[in-house]
Amino acid sequence: MKIDIAVFDGMDELDAVGPLEVLRSAAERGAAFDVWLVTLEPQAKVMCAHGLAIIPDGVLRRDADILVFPGGGWISRSEGGVRAEVASRRWVTPISEAGARGAILASVCTGAMILASAGALTNRRATTHHGAWHDLEAAGATLVHERVVDDGDRITAGGVTSGIDLGLWLVERFAGQEMAAQIAENLEYRAAHHAC
């Protein structure tokens, strides 16, 4: 299973690194996950919201099974981050193509606004950071106040730390509850009880 986590300038570090650590931990334990940090176009490094520089693994794979979008900068109205990605509309076509081929579209925090801007969350159950709940509803999603909302081929997670819950839910859904529990224990993390 190919899992691409989109990375872009101004994104929140933990939104991407939380699920990355969980999913790669699962791969190390034998889950059939191939997890990459990806940019849309070749980019040597990504500068995150809090100053961390990330070196991507490559560009978006057009056959990825899961595509995850982190948030960052939406609530603070930063010039970079999610608002810039939404304004550029550069992810609309890749999101539409991924959805059309049956890939799972996922998000952490305000990464949901990137999916919503592409129409991927219209009339779908979804969540985001509490500071963007109104924006998500205004974009056409059916807001659910939970840490992880699984609407089949759309899976969204709330604010920043819920990216770990998203990763654990993906592990549970695709590699089993036992492995997810082992990873949570190793991280000393009390996961959300379930996705709704």
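This is a predicted model: local features need pLDDT of at least 70, side-chain atom pairs count only at pLDDT 80 or more; totals for chains, interfaces and linings use all residues.

**Entry 1: α1 and α6.** I began with α1 and α6, whose axes come within 7 Å and cross at roughly 25°. Angles under 35 degrees count as roughly parallel, and α1 and α6 are therefore roughly parallel to each other. I noted the hand as well: α1 passes α6 in a right-handed crossing. On the α1 side I listed Gly-18, Pro-19, Val-22, Leu-23 and Ala-26 as the contact residues, and on the α6 side Gly-163, Ile-164, Gly-167, Leu-168, Leu-170 and Val-171. Sorted by class, this contact has 8 nonpolar residues, 3 polar and no charged.

**Entry 2: α6 and α7.** Next I followed helix α6, residues 162–175, to its packing with α7. How do their axes cross, and within what distance do they come? I found a crossing of roughly 150°, with the axes coming within 7 Å. Angles over 145 degrees count as roughly antiparallel, so α6 is roughly antiparallel to α7. From α6, the contact takes in Ile-164, Leu-168, Val-171, Glu-172 and Ala-175. From α7, I wrote down Gln-177, Met-179, Ala-180, Ile-183, Ala-184 and Leu-187.

**Entry 3: α1 and α7.** I then took up helix α1 (residues 13–28) against helix α7 (residues 177–187). Their axes lie 10 Å apart, and the packing angle is about 120°. That angle makes α1 oblique to α7. The crossing of α1 past α7 is right-handed. For the contact itself, I found Glu-21, Val-22, Ser-25 and Ala-26 on α1, facing Met-179, Ile-183 and Leu-187 on α7. I counted these by class as 5 nonpolar, 1 polar and 1 charged.

Going back over my lists, I see Val-22 and Ala-26 of α1 in the contact with α6 and again in the contact with α7.

**Entry 4: the cavity.** The largest cavity holds about 40 Å³ of space. Around it I noted Leu-60, Arg-61, Arg-62, Leu-67, Pro-94, Glu-97, Ala-98 and Arg-101. Which helix gives the most to this lining? Helix α3, residues 92–100, does, with 3 residues. By class, the lining divides into 4 nonpolar and 4 charged residues, with no polar ones.

**Entry 5: a pocket.** My last stop was the second largest pocket, which has a volume of about 170 Å³. Its lining includes Asp-12, Ala-49, His-50, Gly-72, Gly-73 and Trp-74. Ile-75, Ser-76, Cys-109, Thr-110, His-129 and Val-160 also line this pocket. I sorted the lining residues into 5 nonpolar, 6 polar and 1 charged.

Definitions and conventions
Residues are numbered from 1 along each chain as its sequence is written. Side-chain values use heavy atoms; hydrogens and water are left out. On a 1 Å grid over the protein atoms alone, a cavity is a set of points where a 1.4 Å probe fits but cannot get out, and a pocket is an open set with protein on both sides within 12 Å along at least five of seven lines; lining residues have an atom within 4 Å of a point. Grid points are joined across faces, edges and corners, and a volume is the space filled by probe spheres set on the points. Helices (H or I, at least four residues) and strands (E, at least two) are DSSP runs, numbered from the N terminus. Ala, Val, Leu, Ile, Met, Phe, Trp, Tyr, Cys and Pro count as nonpolar, Asp, Glu, Lys and Arg as charged, and the others, Gly among them, as polar. Axes are lines fitted to C-alpha atoms, for helices over the stretch in contact, and angles run from 0 to 180 degrees between N-to-C directions. Angles under 35 degrees count as roughly parallel, over 145 as roughly antiparallel, 65 to 115 as roughly perpendicular and the rest as oblique. A crossing is left-handed if the near helix is turned anticlockwise from the far one by less than a right angle, and right-handed if clockwise. Contact means heavy atoms within 4.5 Å.
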